[in-house]
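The questions below go through one structure term by term. Each answer sets a value against the definition behind it.

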Amino acid sequence: MTGHEFTDDELERWSRNILLPEVGVDGQRKLAAARALVVGAGGLGSPAILYLAAAGVGTLGIADGDRVELSNLNRQVLHGAADVGRPKVESARDAVLARSPACRVVTIFCRLTARNVRQTVRGWDVVLDATDNFPARFLISDACWLERVPLVSAGVVGFQGQLLTVLPQAGSPCYRCLLPEPSADQYAATCGQAGVLGAAAGVLGAMQAVEAIKVLLGIGHGFERRLLVYDALAGKVRIANRVKDPACALCGPKATIADVVEYRLTCCPGGVAGPDGCCMPAAPLKRQAKSVRRRGAKGR
Ligand SMILES: [Zn+2]
């Protein structure tokens, strides 16, 4: 394979990747040419973003409409105490460039909505959904399927997390083959006062980076037909098979969903949609912080 010629410094930096026969110099060139978008620079996105940058992914997109809050720091290891109040995409970019100065970082300071999600995910080689709620998960997975972009989706709440991959190909199950619609239980699990163990989010976020790198390199056995469920408290990992639902409204032969569907969060504090579809704070940060303390932190 021809392409990027590595300098001596780059060869030393990536040497532990290149020593892997499944990666090698050709694989490292693929990573250097790759474009990965991480939606959510929180508990899942923190390790995912750091490991993708550390692996040598050439272009890293980071989409997040939130600012760093003190209550984020139990799990969002991208951000430090001095970053409280800054847009997460900015502190994430600084953390990436401190580790991998050659990485091209594209920051998208924006909450994804039905109006902007398809153009945001379009053209990336892989998207990692590292958001904290089911409406966002459906929005991103629909958009990735419709735009034919591979997706690695994860979620974590309390001590439990899940992960799956969706490859937008005929014969592969989509996210809606597993969960046709968001349920009331899912809203409650995301938005209630559930809390989240930071290290459990770290496990799932690091796994998202692993699976995204496998997708980019075309190696290994992924989760495109399986679901991983991790219970940190019980010390259990369960892997279930996923199959394509012939009646799926998104990917089935009689699909009825031709564009993204935006479900509304009705029980979370946070932003409201602005005139361009992007997020604007609903309240000044101090009031938001008090509100979060009253209602409990979001479980990303
Ligand atoms: Zn489907």
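Axes are lines fitted to C-alpha atoms, for helices over the stretch in contact, and angles run from 0 to 180 degrees between N-to-C directions. Helices (H or I, at least four residues) and strands (E, at least two) are DSSP runs, numbered from the N terminus. This is a predicted model, in which local features need pLDDT of at least 70 and side-chain atom pairs count only at pLDDT 80 or more, while totals for chains, interfaces and linings use all residues. Residues are numbered from 1 along each chain as its sequence is written.

Q: How do the axes of α4 and α10 lie to each other?
A: They come within 7 Å and cross at roughly 35°. Two packed helices are described by the angle between their axes and the distance between the axes.

Q: Which residues make the contact between α4 and α10?
A: Two residues are in contact if their C-beta atoms, placed from the backbone, lie within 7 Å. On the α4 side the contact involves G45, S46, P47, A48, Y51, L52 and A55, and on the α10 side G202, G205, A206, Q208, A209, A212 and I213.

Q: Why is α4 called largely enclosed?
A: A residue is buried if 20 or more other C-beta atoms lie within 10 Å of its own, exposed if 12 or fewer, and partly exposed in between, with C-beta atoms placed from the backbone. Nine of the eleven residues of α4 (residues 45-55) are buried, so the helix is largely enclosed by the rest of the structure. The buried ones are G45, S46, P47, A48, I49, L50, L52, A53 and A55. After the helix comes G56, with a positive phi near 100°.

Q: What does I49 touch?
A: Leaving out residues up to four places away in sequence, I49 touches V38, A41, L60, I62, L78, A92 and V96.

Q: Which residues touch the most other members of the largest nonpolar core?
A: A nonpolar core is a set of buried Ala, Val, Leu, Ile, Met, Phe, Trp, Tyr and Cys residues joined through C-beta atoms within 7 Å. The largest one has 74 residues, and A36, I49 and V127 touch the most other members. Helix α10 (residues 198-217) gives the largest share of this core, ten residues.

Q: What makes β3 and β8 edge strands?
A: Two strands pair if DSSP finds at least two bridges between them. The open sheet of eight strands has the order β3-β2-β1-β4-β5-β6-β7-β8, with mixed pairing. β3 (104-108) and β8 (236-241) each pair on one side only, and they are the edge strands.

Q: How do you know that β5 pairs with both β4 and β6?
A: Three bridges join β4 (residues 126-129) to β5 (residues 151-157), and these strands run parallel. V127 stands opposite L151. Seven bridges join β5 to β6 (residues 160-166), in the antiparallel sense. Here V152 has T165 as its bridge partner.

Q: Why is β5 called largely enclosed?
A: Seven of its seven residues are buried, so β5 is largely enclosed by the rest of the structure. L151, S153, G155 and V157 are on one side, and V152, A154 and V156 on the other.

Q: Why is R148 called exposed?
A: R148 has 11 other C-beta atoms within 10 Å, and the limit is 12 or fewer, so R148 is exposed. R148 lies in the loop between α7 and β5. Its phi is near 60°, a positive value in a residue other than glycine. Most residues other than glycine have a negative phi.
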